[in-house]
Amino acid sequence: TIEADGTNLTKVTTTENAREYAPAWSPDGSKIAYTRDSGNGYNIFVHDLQSGEKTQLTNNEAREDFPHWSPDGSQLVFRSFRDGDAELYLIDSQGSNHQKLTDNDARDTGGTWSPDGENIAFNSNRSGNMNLYTRSMSEQQSALELTDNPASDASAYWDSLKVENGN
């Protein structure tokens, strides 16, 4: 971590002989979820910045990476290869209640929550090339394809605009 002015640089992860990447801040700023590859699989961990406690949320030999917090901090969406191809999964922030969000022969990746927590946007090649999709979290419906063109569309990202005084 580091202050906005560049001071107080602090190393958060200290695992020797491990590759740690894809950090994601919790909405309240108290934790960081990340992926750790220590040679026996890529798994999701959460580091509590106040206590220093590190909690392993997944324990799988398959690659599980790129966690992204829900807006209320109760869940994370992440990519997993546990079924042989890239699918999106949900997990509670404490590491329980694994739930498969996508299930097809395509590559589904890059899950990111809408600011209201109602949808997850992601990338998939289920239509032949990489396009952007969204899936409702409140309704059991199939994913909605947002883009469809010959080029690859990737890196789904939600942004919330704060409007004040009508501006």
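What is the volume of the largest pocket? In this predicted model, the largest pocket has a volume of about 520 Å³. A pocket is an open set of points on a 1 Å grid over the protein atoms alone where a 1.4 Å probe fits, with protein on both sides within 12 Å along at least five of seven lines. Volume is the space filled by probe spheres set on the points, which are joined across faces, edges and corners.

Local features need pLDDT of at least 70 and side-chain atom pairs pLDDT 80 or more, while totals for chains, interfaces and linings use all residues. Residues are numbered from 1 along each chain as its sequence is written, and side-chain values use heavy atoms, without hydrogens and water.

The lining of the largest pocket comprises 25 residues (each with an atom within 4 Å of a point). Nearest its centre lie H68, W69, T112, W113 and Y157. Strands β1 (19-25), β5 (64-69) and β9 (108-113) each supply at least two lining residues; strands are DSSP runs of E, at least two residues long, numbered from the N terminus. β9 gives the most, with five residues. By class, the lining holds 14 nonpolar, ten polar and one charged residue. Here Ala, Val, Leu, Ile, Met, Phe, Trp, Tyr, Cys and Pro count as nonpolar, Asp, Glu, Lys and Arg as charged, and the others, Gly among them, as polar.

The second largest pocket holds about 160 Å³ of space. V12, T13, E20, Y21, P23, W25, I32 and Y34 line this pocket. Two or more of these residues come from each of β1 and β2 (31-37). β1 provides the largest share, four residues. Six lining residues are nonpolar, one is polar and one is charged.
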